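Please keep the sequence and the model open while reading.

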Amino acid sequence: MVGDAGPTEVVGIGLLHVDATVLESQIEALVTDDPPELVEIDGGGAPMSGVNNPLIKFTTELVDFARGERRGIRNPFVMVPVDPPIEKRVTEILERWTVGEEGHRLADWKGVTSGSGDPITVTGVRLDELLPETTAFQTCRDLGPLPNVSTRSVEETLEGNLATELIDLLINTYIHEGGIENDQSSVLVLLNLGSLYPFTRASELLDELDRRNVTTTVGIPFPGSVIGGRLSFYNEDARHYYPAHRINQQIEEGYLTDV
């Protein structure tokens with residue numbers, strides 16, 4: 001975020017925490033095709049068994065929901081925690097899965113139909129690409145030069161309307177204009193949730209989807225972990241979330257070599 005902070009103040013924006021001195025480049029990155037790079041942590045490189053691989057479980061459960069073999073508490077929403085430094089790599093893997101690329105161990109969905117005979121579709125939704133299109137984001141850029149803008153002004157602008165505007169864009173872009181059926185047989189995978197940190201959370205997006213009567217199957221890779229049965233966004237204070245189906249095991253670097 002922005003404001004009168006000195007060079008040592010740590011603030012949150014996009015996919016990682018940054019110093020105030022480099023905030024402007026991070027905001028600029030959100031409206032370009034060159035998002036900020038994450039620093040990856042060496043996980044040892046040892047592959048982990050596909051039997052318990054949470055990324056494979058995530059895609060399998062999404063397909064099962066789309067086929068009608070599972071029932072959600074309210075809507076067919078599935079969440080899986082991801083070690084934050086590897087969120088970008090998980091996004092790349094899931095983007096290849098959503099376009100039907102072969103040669104992986106993730107759940108096969110091409111040619112699969114639901115119980116009513118409807119073909120299953122899977123679509124990736126890049127939240128970081130929707131973000132710059134929101135009025136809230138554009139308003140923040142119009143507040144003035146970054147060194148002269150208060151942190152609170154940015155927070156209030158983004159936190160107030162961001163979730164609503166993102167879901168409006170998602171519905172218009174993918175369902176109304178994109179031709180995706182508003183049905184459980186359609187899977188939407190919301191990618192790069194970390195780009196919205198700390199201005200909106202997964203629960204707010206899911207609440208908006210529910211309020212707007214979106215009935216597609218929705219999957220969200222969640223940058224954080226499960227602490228005491230609660231989802232913790234970026235491993236901060238754990239909170240109860242929208243009643244989605246949750247995979248408790250975190251996607252760590254070692255699991256990526258097994259897909």
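Leaving aside its neighbours within four places in sequence, which residues is Leu 170 in contact with? In this predicted model, the residues in contact with Leu 170, once those neighbours are set aside, are Val 125, Leu 130, Ile 175, Leu 188, Leu 190 and Leu 209. The points below begin with the nonpolar cores, continue with the salt bridges and end with the backbone.

**Nonpolar cores**

- The largest nonpolar core has 35 residues, and within this core Leu 170, Leu 193 and Leu 209 touch the most other members.
- At least two residues of this core come from each of strand 3 (77–82), helix 4 (127–130), helix 6 (151–176), strand 5, helix 7, strand 6 and strand 7 (230–233).
- The element that gives the most to this core is helix 6, which supplies nine residues.
- Another core, of 28 residues, lies apart from the largest one, and its members include Leu 55, Ile 56, Trp 109 and Ile 120.

**Salt bridges**

- The structure holds eight salt bridges, of which the following points describe some.
- Arg 89 and Glu 253 form a salt bridge in which the closest N and O atoms are 3.2 Å apart.
- In the salt bridge between Asp 168 and Arg 212, the closest N and O atoms are 2.1 Å apart.
- Because Asp 168 lies in helix 6 and Arg 212 in the loop between helix 7 and strand 6, this pair ties together parts that are 44 residues apart in sequence.
- Asp 168 counts as partly exposed at 27% relative accessibility, and Arg 212 counts as partly exposed at 30%.
- Glu 95, Arg 126 and Asp 128 are linked with one another in a network of salt bridges.

- As background, most residues other than glycine have a negative phi.
- Asn 192, although not a glycine, has a positive phi of about 60°, and this residue lies in the loop between strand 5 (186–191) and helix 7 (202–211).
- Asn 213 likewise has a positive phi, near 60°, in a residue other than glycine, and its place is the loop between helix 7 and strand 6 (217–227).
- Is each of these residues buried or exposed? Asn 192 is buried because its relative accessible area of 5% is under the 20% limit for that class, whereas Asn 213 counts as exposed because its relative accessibility of 57% is over the 50% limit.

Conventions
Residues are numbered from 1 along each chain as its sequence is written. This is a predicted model: local features need pLDDT of at least 70, side-chain atom pairs count only at pLDDT 80 or more; totals for chains, interfaces and linings use all residues. Side-chain values use heavy atoms; hydrogens and water are left out. Helices (H or I, at least four residues) and strands (E, at least two) are DSSP runs, numbered from the N terminus. Buried means under 20% relative accessible area, exposed over 50%, partly exposed in between (1.4 Å probe, protein chains only). A nonpolar core is a set of buried Ala, Val, Leu, Ile, Met, Phe, Trp, Tyr and Cys residues joined through side-chain atoms within 4.5 Å. Contact means heavy atoms within 4.5 Å. A salt bridge is a side-chain nitrogen of Lys or Arg within 4 Å of a carboxyl oxygen of Asp or Glu.
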